[in-house]
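Please look over the structure shown here and then read the briefing that follows, which is arranged by topic.

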Amino acid sequence: MTPYLELLAREASAVEFEGPIIEARAAGADPATIEALEQAKVEALKVRALLKRRARREAELSALYDTAGDLAALRDLDAVLEAIVHRAKQLLATDIAYMTLHDPERGDTYMRVTDGSISAKFQALRLAMGAGLGGLVAQTATPYATADYFADARFRHKDDIDEAVKEEGLVAILGVPLRLGQRVIGVLMAANRSARPFHQEEVSLLASLAAHAAVAIDNARLLQETRNALEELSQAHRTLREHGAAVERAALAHDRMTSLVLRGGGIEDVASVVTDVLGGSLAVLDDLGRAITGEVGELDAGVFEAAQASRALGRTVRRGDLLIASVDVGGEPLCTLILRSDDADGRILERAALVCALMLLFRRSVAEAEGRVRGELLDDLISRPDSPGLADRARRLGVDLSAPHVLVVARHEGQRERAAFWASSQAALGHGLAAGRAGEVVLLLPGENAGAVAQRVAAELTASLHSPATAGASRTSLTGDVPGAYQEARRCAEALIALGRSGEGAGAAELGFVGLLVGDGRDVRGFVTRVLGPVLDYDARRGTALAGTLAAYFGTGGSPSRTAEAMHIHVNTVTQRLDRIGRLLGDGWQEPERALEIQLALRLNRLSHTSTQQTVGPGPI
């Protein structure tokens with residue numbers, strides 16, 4: 001036994017324990033001696049294994065003690081979790097360690113911390129109770145280990161979990177519950193990317209670490225809650241002090257704005273008070289979202305949604321660095337104040353919005369009185385154009401009827417008062433006239449481009465009413481036929497509605513061949529030029545026969561081969577000419593509605609130029 005005791009004393013390797021037996025056989029020892037040495041070797045190896053297990057256990061307990069001390073010193077929850085997972089990976093010498101925590105709202109566990117992971121899918125994994133090895137540990141509160149995850153049928157495999165485990169390359173996995181009393185708050189896991197059995201000592205070690213970890217997690221959570229409570233108390237104290245200062249500022253601003261109203265100040269003066277008290281930059285918008293004072297730049301839909309919310313709640317609404325207060329009357333917006341400031345008292349902005357609303361209501365009352373005067377003058381121009389003194393009445397209102405004007409008829413559905421007020425405002429701003437009638441508003445505005453004015457009126461009135469407004473227009477002047485222009489504008493609006501183009505605006509010129517029917521001017525040449533101008537110009541410059549080819553093409557029912565026969569040219573020539581026509585007229589020239597206009601323009605062109613009609617026949621492309 002002496003040689004084996006010496007080997008045990010110097011912690012020799014297992015191979016060296018064969019030495020005494022080899023030496024005895026070389027010395028010719030008898031079988032009994034050899035057998036005794038064999039028995040001694042077996043016992044010595046058992047003692048050696050026991051010593052090694054105890055030494056390893058002592059090292060593990062020492063490391064576990066150090067871990068408990070480290071965890072107790074940590075105060076941040078994230079740092080605690082990362083330390084737990086890192087130490088688990090070190091103690092068990094695995095490729096990866098990770099922790100899942102319980103989500104009480106969703107009733108599953110989610111991946112919280114990983115150490116050694118390389119898969120994004122694995123790091124974002126969620127495990128339902130009972131699903132996968134981790135889900136089984138969380139459900140049963142019992143440690144589980146598997147030497148080969150994919151070959152283990154003790155737990156429920158799910159495709160998304162298996163795919164993530166496969167992407168991470170894991171094979172052997174050990175999981176133990178994180179328990180606080182009877183409650184499982186998560187699972188601590190260690191895993192290898194190759195097959196490996198986990199011994200009972202390793203399971204016990206990871207379970208001991210999990211027990212310390214659960215306490216450390218709970219301590220960190222309680223500490224964080226305490227910090228949060230202290231911060232809330234501190235914040236409440238700061239808020240109370242700020243509230244007192246805000247009340248004083250609001251009282252000062254209220255006094256200043258009241259004084260402004262009494263002195264007859266304007267909205268610009270109110271805006272100056274607000275920016276003086278609150279800082280930042282302020283813009284005041286009217287009911288149509290146009291700036292009364294200040295600059296707003298590009299406003300996205302979110303700002304108008306915030307204004308709508310402000311009117312509904314009766315208080316200011318913050319959107320980014322913008323503070324928005326909006327006031328309505330009878331459910332309709334009246335004014336909106338937009339303050340660009342990172343930190344401002346919303347109550348002062350609310351008071352300012354109310355003051356601005358009162359001023360605008362006063363202005364609206366004045367505008368309505370003026371609007372009635374303007375409406376009566378426009379009614380006289382339409383129904384009694386021969387009445388004396390019309391020009392003088394217009395001049396007193398700032399309207400020069402000798403200049404070119406556009407008469408617009410805008411058809412709408414409902415909201416008669418709002419539409420009439422909008423039209424009156426437009427007339428006052430544009431030095432024109434306006435009148436409201438059942439289902440329509442009539443405007444007489446300076447300008448020459450009837451189509452452009454009609455489109456603008458349709459778009460802006462639609463936005464104001466939040467429902468389609470369709471506008472027809474016609475040019476006129478005091479010396480012109482105002483009643484006739486009114487009738488033409490009405491026909492244009494009715495034509496748009498009949499064509500299914502409600503919400504648009506146009507004059508006779510923009511209605512194509514329909515404009516020839518509803519317009520009083522009957523501008524045939526203008527219609528032909530708008531529809532066929534590029535083709536006719538090309539023929540005139542190049543001496544080609546594109547217009548004739550186009551007429552023949554429509555005359556033969558759109559057949560290139562029959563067109564070629566009718567014109568005595570090759571079908572390829574027809575194809576080339578049609579390609580040229582397509583480039584000149586643009587896409588969609590063969591669509592039914594467009595084709596009808598082109599055919600009508602071709603016939604009108606031929607009728608109006610019979611003496612110079614192009615000869616249908618071969619010609620250059």
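Two strands are taken to pair if DSSP finds at least two bridges between them, and helices (H or I, at least four residues) and strands (E, at least two) are DSSP runs numbered from the N terminus. The model is predicted, so that local features need pLDDT of at least 70 and side-chain atom pairs count only at pLDDT 80 or more, whereas totals for chains, interfaces and linings use all residues. Residues are numbered from 1 along each chain as its sequence is written, and side-chain values use heavy atoms, with hydrogens and water left out.

**Strand S11 and its partners**

- Strand S11 (residues 332–340) has seven of its nine residues buried, so the strand is largely enclosed by the rest of the structure; buried means under 20% relative accessible area, exposed over 50% and partly exposed in between, with a 1.4 Å probe and protein chains only.
- Strand S10 (residues 322–329) pairs with S11 in the antiparallel sense over eight bridges, and within this pairing Ala 325 has Leu 337 of S11 as its bridge partner.
- The hairpin of S10 and S11 has two residues between the strands, and Gly 330 there takes a positive phi near 65 degrees.
- Strand S7 (residues 281–285) also pairs with S11 in the antiparallel sense, over five bridges, and Ala 283 has Ile 338 of S11 as its bridge partner.

- Ala 357 lies in helix H11 (residues 346–383) and counts as buried at 5% relative accessibility.
- Apart from neighbours within four places in sequence, Ala 357 is in contact (heavy atoms within 4.5 Å) with Val 327, Leu 334 and Cys 335; the C-alpha atoms of Ala 357 and Val 327 are separated by 6.8 Å, although these residues are 30 residues apart along the chain.
- Thr 293 belongs to strand S8 (residues 291–293) and is likewise buried, with a relative accessible area of 17%.
- When residues up to four places away in sequence are not counted, Thr 293 touches Ile 267, Glu 268, Ala 271, Leu 282, Ala 283 and Val 284.

**The six-stranded open sheet**

- An open sheet of six strands runs in the order S3-S2-S1-S6-S5-S4 with antiparallel pairing, and its edge strands, each pairing on one side only, are S3 (126–128) and S4 (144–146).
- Within this order, strand S1 (residues 96–103) and strand S6 (residues 183–192) pair in the antiparallel sense over six bridges, with Ala 190 in S6 as the bridge partner of Ala 97.

**Strand S12 and its partners**

- Six of the seven residues of strand S12 (residues 405–411) are buried, so S12 is largely enclosed by the rest of the structure.
- S12 pairs in the antiparallel sense over seven bridges with strand S14 (residues 440–446), where Arg 411 stands opposite Glu 440.
- S12 also pairs in the antiparallel sense over seven bridges with strand S15 (residues 470–476), and Val 406 has Arg 475 in S15 as its bridge partner.

**Packing of H18 against H19**

- Helix H18 (residues 546–555) and helix H19 (residues 560–567) pack at an angle of about 120 degrees with their axes 9 Å apart; axes are lines fitted to C-alpha atoms, for helices over the stretch in contact, and angles run from 0 to 180 degrees between N-to-C directions.
- In this contact, Gly 548, Thr 549, Ala 552 and Tyr 553 in H18 meet Pro 560, Thr 563 and Met 567 in H19.
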